[in-house]
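Dear colleague,

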Amino acid sequence: MKPNLENRLHRIAESIFSAMRRGELDIPDYGLYSGRTGIVVFCLCYLKTYPDPEKEAVLEKYLDAFMDSITATDIAPLSYCSGVSGIFDALRYFNEEGLYEVDFSDVEDNYRPLLQEYAVTAILRGNYDFLHGGLGIVKYFRNDAAFADRILNALERTAHEDGDKYKWLSQIGMEKKIGYNISLSHGMASIVAVLCLMDNPEIDREKRTRLITNACNYILSQQIDPEKYGSCFPSTSLENDPEEPIHRSRLGWCYGDLGIATSLWQAGHALRKRQWTDKALEVLLHATQRRNLSENAILDAGLCHGSASVAMMYYYMYGQTRNEKFLEARRYWMDVTLKMATHENEAAGYEVWHTVEVPEYDKYNFLSGIAGIGMMMLTYLADNPDEVSWMNFFLLNTVMAEKAC
């Protein structure tokens, strides 16, 4: 598979760099997931592995314009998916990984008050959404103790308490109905994952522990019978439509068992809760048996909800556990990803599935387009599960354990 995978990776790179040369990626969206920033992440990583003077010249010109824009103009929105907080997280990644040296401290200082106030206000108004609301900003400023404590207060203030459980209302789906969401992309699993990243000793550790514990208690209360329904958790919450039949949740990063289980895995390590890590492994290992694409809503190859996202989750878990079943599962889903490149009129052969109309350049982006697919191919070919720091963009983090339970 690897020779074919490498050939497809080069086709992805050629497609992106060709679009850059033609000016097709001079787009108004600078986002990490949705626009220019994620594309740059892939290009820098690709050229680190496969140096090419011609492509490097194309990227240098693109980067000059990119950096001029984000340092000289106001960028909207502020969110992680399409806005400032995601861009800043990528710039920090460039510096830490030695990919591209950039001093953006002045710009960060200018944005800091606005970003932090927006995050607190958004959460207090019920918009904690990781991609589009307050949590993505919290992830970026997680080591700012004063800000982190404000967020802990806001989360506890807005939580609905049910015994030993905390749950948060949010907007769900394109219809934006109000309900409880347990997913990683937009729901409570992301609250858990971001709280696990808050390891500054100066924050209110007792409140952080309480929030993680009670959020996990609620998520675990939503378990369903996988033998009966095909998945271990529903897509959102059983409370939202109690009269409706229970449906299998999809297989992917955004919704369903994989994202929920990885957040439980992180929480179990953060708070030394063996029962949570055991449950996470149980759910994830069950999911390795789910191979039917249509039954599991695998409709494309992207990192949001496609086959590459499933490969990413198993790559991450293999790095965490060295369990051979995760190794085999990541191999299977990368093979599926390779075989999905059958649309010769699309970018590098990949068609992106959407429920609504999107800009033409969306096919290149990091979340659902070929930049993200290419990043997963690069990682697979490198075959070093200890070097997956870019997966932190997707809340796939290695979390240090607390000193005491």
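This is a predicted model: local features need pLDDT of at least 70, side-chain atom pairs count only at pLDDT 80 or more; totals for chains, interfaces and linings use all residues.

You might begin with helix H14, which covers residues 324-339. Its 16 residues reach 23 Å from the first C-alpha to the last, close to the 22 Å expected at 1.5 Å a residue.

In soluble globular proteins, nonpolar side chains tend to be buried together. Here the largest nonpolar core has 151 residues, and those with the most contacts inside it are Ile16, Trp390 and Phe394. Helix H13 gives the most to this core, with 10 residues. If you select Ile16 and leave aside residues up to four places away in sequence, you will find that Ile16 touches Leu25, Ile39, Phe42, Cys43, Tyr364, Ile370 and Ala371.

Turning to charged side chains, the count comes to 24 salt bridges. One of them joins Glu54 and Arg21, with a distance of 3.6 Å from N to O. Because Glu54 belongs to helix H3 and Arg21 to helix H1, the pair ties together parts that are 33 residues apart in sequence. Glu54 counts as exposed at 52% relative accessibility, whereas Arg21, at 36%, counts as partly exposed. Asp52 forms a salt bridge with Lys55, their closest N and O atoms being 3.4 Å apart; Asp52 is partly exposed at 23%, while Lys55 is buried at 9%.

Elsewhere, Glu156 and Arg210 meet in a salt bridge of 2.7 Å, N to O. Glu156 lies in helix H7 and Arg210 in helix H9, and the pair links distant parts of the chain, 54 residues apart.

Finally, strand S3 (residues 169-172) and strand S4 (residues 177-180) pair in the antiparallel sense over four bridges, and Gln171 stands opposite Ile178 in S4. The hairpin has four residues between the strands, and within this hairpin Gly173 takes a positive phi near 70°.

With best wishes

Definitions and conventions: Residues are numbered from 1 along each chain as its sequence is written. Side-chain values use heavy atoms; hydrogens and water are left out. Two strands pair if DSSP finds at least two bridges between them. Helices (H or I, at least four residues) and strands (E, at least two) are DSSP runs, numbered from the N terminus. The expected span of a helix is 1.5 Å times one less than its number of residues. A nonpolar core is a set of buried Ala, Val, Leu, Ile, Met, Phe, Trp, Tyr and Cys residues joined through side-chain atoms within 4.5 Å. Buried means under 20% relative accessible area, exposed over 50%, partly exposed in between (1.4 Å probe, protein chains only). Contact means heavy atoms within 4.5 Å. A salt bridge is a side-chain nitrogen of Lys or Arg within 4 Å of a carboxyl oxygen of Asp or Glu.
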